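Work through the exercises below with the sequence and the model open. Each task is followed by a solution in steps.

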Amino acid sequence: MNVKEYLGELLGTFILVFVGCGSIAVTILFQTFGSLLEVALVWGVGVAIAIYATKNICPAHLNPAVSVAMCWAKKLSLKKLPGYILSQTVGAFLAGFLLYAIFKGDIASYEQANGIIRGSLASQETAMMFGEFFPNPGYKDTLKITVLLACLMELLGTFTLVFSIFKLTETKLKIEKWVPVFIGLTVTLIICVVAPYTQAGLNPARDFGPRVLAYFAGWNLAAFPQVSFSFFTVYIVSPVVGGIAAFYVHSFFKASFFKQKNKVLKSKI
């Protein structure tokens, strides 16, 4: 067992979640960022930094949906998959724990100033610093989202991310050193489209780890979406399905490309 790989996945996911969820926290508490694009850019930079920081230690999946897709593609052994998922989830939980430790007093002050009782439905406004909700609490007055639509948005968002990862990591162009940047930009663009609907989880570990922290930090059931077990279907199952679908679509186009290339070669012989 290569412990360094698991520690790398833990550290990378920790960095990603600390930066990303931190941007949401400071926006809610201090109005640091004034638009969705700004928060999305911070998430994208966080993703890029996390990959750069750990890509020499581990594959830097930092996301169970990516790890499952890579396992499907036989780029990650099935024996390692549980360790990757556990490491990523623990990394996300620790990031949530540190953010809560830093902002604990500020969160309490914000709740008091706005008449929010932690654990009530209204406290989802602060719980969204950790786990995701649909619709995004910031858009709840303008958007009505069903569980099915939320699942679809998370599936499509993760599909786009994982498909892009397959294409970027298999390209023969000389852009390898820029791949983390392009992946980060992909995350930024996806968040801009998906976040108003579901906060754009795209990552079961990023959602579940901090959400568990919020549950035990006093939000209780308010740390989860109102529809029973929708956190599981929307933020865990849908991203994984989206990642697997991305593998199959990528494989289809890859096979079609080589088939066409072989036809061209044979015609020249």
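**Exercise 1.** Locate Ser 123, and decide whether Ser 123 is buried or exposed.

*Solution.* Ser 123 sits in the loop between α4 and α5 (124-127), where helices are DSSP runs of H or I with at least four residues, strands are runs of E with at least two, and both are numbered from the N terminus. The model is predicted: local features need pLDDT of at least 70, side-chain atom pairs count only at pLDDT 80 or more, and totals for chains, interfaces and linings use all residues. Residues are numbered from 1 along each chain as its sequence is written, and side-chain values use heavy atoms, with hydrogens and water left out. The relative accessibility of Ser 123 is 0%, so Ser 123 counts as buried (buried is under 20% relative accessible area, exposed over 50%, partly exposed in between; 1.4 Å probe, protein chains only).

**Exercise 2.** List what Ser 123 is in contact with, leaving aside its neighbours within four places in sequence.

*Solution.* Contact means heavy atoms within 4.5 Å. With those neighbours left aside, the partners of Ser 123 are Ile 116, Ile 117, Arg 118, Trp 219 and Ala 222.

**Exercise 3.** Describe the surroundings of Trp 219.

*Solution.* Not counting residues up to four places away in sequence, Trp 219 touches residues including Tyr 100, Ile 107, Ser 123 and Phe 130. Arg 118 is also on that list, and Arg 118 lies over the face of Trp 219, 4.1 Å from the ring centre (the criterion is NZ of Lys or CZ of Arg within 6 Å of the ring centre and within 35 degrees of the ring normal).

**Exercise 4.** Classify the ring pairs Tyr 6 with Tyr 84 and Phe 159 with Phe 163.

*Solution.* Rings of Phe, Tyr and Trp (its six-membered ring) pair if their centres lie within 6.5 Å; planes under 30 degrees apart are stacked, over 60 edge-to-face, and the rest tilted. The structure has 15 aromatic pairs. For Tyr 6 and Tyr 84 the centres are 5.6 Å apart and the planes at 85 degrees, so this pair is edge-to-face. Tyr 6 belongs to helix α1 (residues 3-30) and Tyr 84 to helix α4 (residues 81-113), so the pair ties together parts 78 residues apart in sequence. Both Tyr 6 and Tyr 84 are buried. For Phe 159 and Phe 163 the centres are 5.9 Å apart and the planes at 15 degrees, so this pair is stacked. Phe 159 and Phe 163 are four residues apart in helix α6 (residues 147-170), and therefore separated by about one helical turn.
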